[in-house]
Amino acid sequence: MSVEDIQQAVERILQDKPLASIQWFVLSQSWLGKSYSEMAKASGYRNNYIKEVGSELWQDLSVALGKRVTKKNLHLALNKYLQDKIGDRENQSQHQFSEESSLEISPDFFSTSKIEFPSGPVPLGSPFYINRPPLEELVCNEILHPGCLIRIKAPRKMGKSSLLNRMIAYAREQDYQIVYLDFQEADQDVFASLDKFLRWFCVNVSRQLNLLPSLDDFWDTEMGSKVSCKIYFEAYLLQYIEHSPVVLALNEVHRVFEHPNIAQDFLPMLRCWHEQAKQNQIWQKLRMVVVHTTEIYIPLNLNQSPFNVGITITLPPFTLNQVQNLALRYGLHCAADSEGAKRLVPLQTMVGGHPYLVSLALYHLCQKQITLEVLLKTASTPVGIYSQHLRELLTLLQKEPELMSAMQQVIATDEKVELDAIAAYKLESMGLVQLNGNQAHTMCELYRLYFSQQLGKHSEVV
């Protein structure tokens, strides 16, 4: 069979899901027996990215065909499909859910004893990382641009760090130097003043570039902290890194938002550096990535904000197809066909496609500790699988009465609620609400059920 025959077959198999050009490339090259390394060399993409595209493609084909498809068995799987044409999809679904049963585990995938509990960023190379095209390709292409500024925004546990780590891995493959700062690691007294904060910032960048901090040689109190910081980067750090670009990855930047005395100077400074790259070659070495959970709620002049320049990546929830894909990777036969996928709709509705909440559910299901029906019935209760996660969110709300009040307003109605901007953005950063401007509604049914009960108790006590 020709590559054209294979492409037509895959189009019929996947029906309404068109493939991106990079997916067609991986498909055709795999059919011709090319390795991922050969594909990476021919295409200019990094090897890990090609592997991820391939993995996503094989999983999509597995879902559509109801049997496992890999790069190695691609010829066998597609030849069988072409021989049977469409075949009887129902006969391939002997292991789908029964109406009352728990999810069944496929022996062809992973040993449940080896599946780690979902916690923190998904490791590089993990089969449980789900691509959200075109985001991965977009950030990896953008980081190649001199002087770029990338913003990655999403509520907690939506996959920001997992995406960032893949972009960093790609940058390392390009021999870029990496500076990674997580502002959650900064002590509270670091935010005492702009000068102290920028000194902390410069010292950390210096050490990650294996350079001795030399602030006293460049810091000038009369010129001010921002100018001193700029000179330190321009005349010291960027001078010593020769021709290799530097990726400055700033994670949990919303922590800075909580300190207006810092944010009102630090954020415009980042924009200034980005704009310097348009006219000053030395600043083209610097590529900045800013990661945060919510929109900035510090008033800034439009021409000062770093968030209306560069490229913005907003991480969406998982689609039903992506939930189905992940279920298959957990070895759950519910992902084997369209009928099985329908049984995932209640889970999708309950958690709103939230990646962490979906992963937690699939983990427990693949351990055979609980059925989907029981999981959904107990999801918002103290005995449910989300109890610890929900208690943590409730504790955060109880620490800030204005947030508690705002959340009570949101769950009191099915309509969108106009909230104070800061309260709205903080609730969004916690992942509790989705925003349209300052109008908020509950992120998912799980949160609506749980907080309706818990905040109702709170109001009765008050």
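These legends describe close-up views of a predicted model.

**View 1. Helices α9 and α11 pack at an angle of about 40 degrees.** Helix α9 covers residues 225-240, and helix α11 covers residues 260-276. Their axes lie 11 Å apart. The crossing of the two helices is right-handed.

**View 2. Residues of α9 meet residues of α11.** On the α9 side, the contact involves K226, C229, K230, F233 and E234. On the α11 side, D265, M269, W273 and Q276 take part. Sorted by type, the contact residues are four nonpolar, one polar and four charged.

**View 3. Three strands form an open sheet.** The strand order is β6-β8-β7, with antiparallel pairing. Strands β6 (417-418) and β7 (433-436) are the edges, each pairing on one side only.

**View 4. Strand β6 pairs with strand β8.** Strand β8 spans residues 439-442. The two strands run in the antiparallel sense and are joined over two bridges. V417 has A440 in β8 as its bridge partner.

**View 5. Helix α18 packs on the sheet.** This helix is made of residues 401-411. Helix α18 touches β6, β7 and β8. The direction of α18 makes about 75 degrees with that of β8.

Note on methods:
Residues are numbered from 1 along each chain as its sequence is written. This is a predicted model: local features need pLDDT of at least 70, side-chain atom pairs count only at pLDDT 80 or more; totals for chains, interfaces and linings use all residues. Side-chain values use heavy atoms; hydrogens and water are left out. Axes are lines fitted to C-alpha atoms, for helices over the stretch in contact, and angles run from 0 to 180 degrees between N-to-C directions. Helices (H or I, at least four residues) and strands (E, at least two) are DSSP runs, numbered from the N terminus. A crossing is left-handed if the near helix is turned anticlockwise from the far one by less than a right angle, and right-handed if clockwise. Contact means heavy atoms within 4.5 Å. Ala, Val, Leu, Ile, Met, Phe, Trp, Tyr, Cys and Pro count as nonpolar, Asp, Glu, Lys and Arg as charged, and the others, Gly among them, as polar. Two strands pair if DSSP finds at least two bridges between them.
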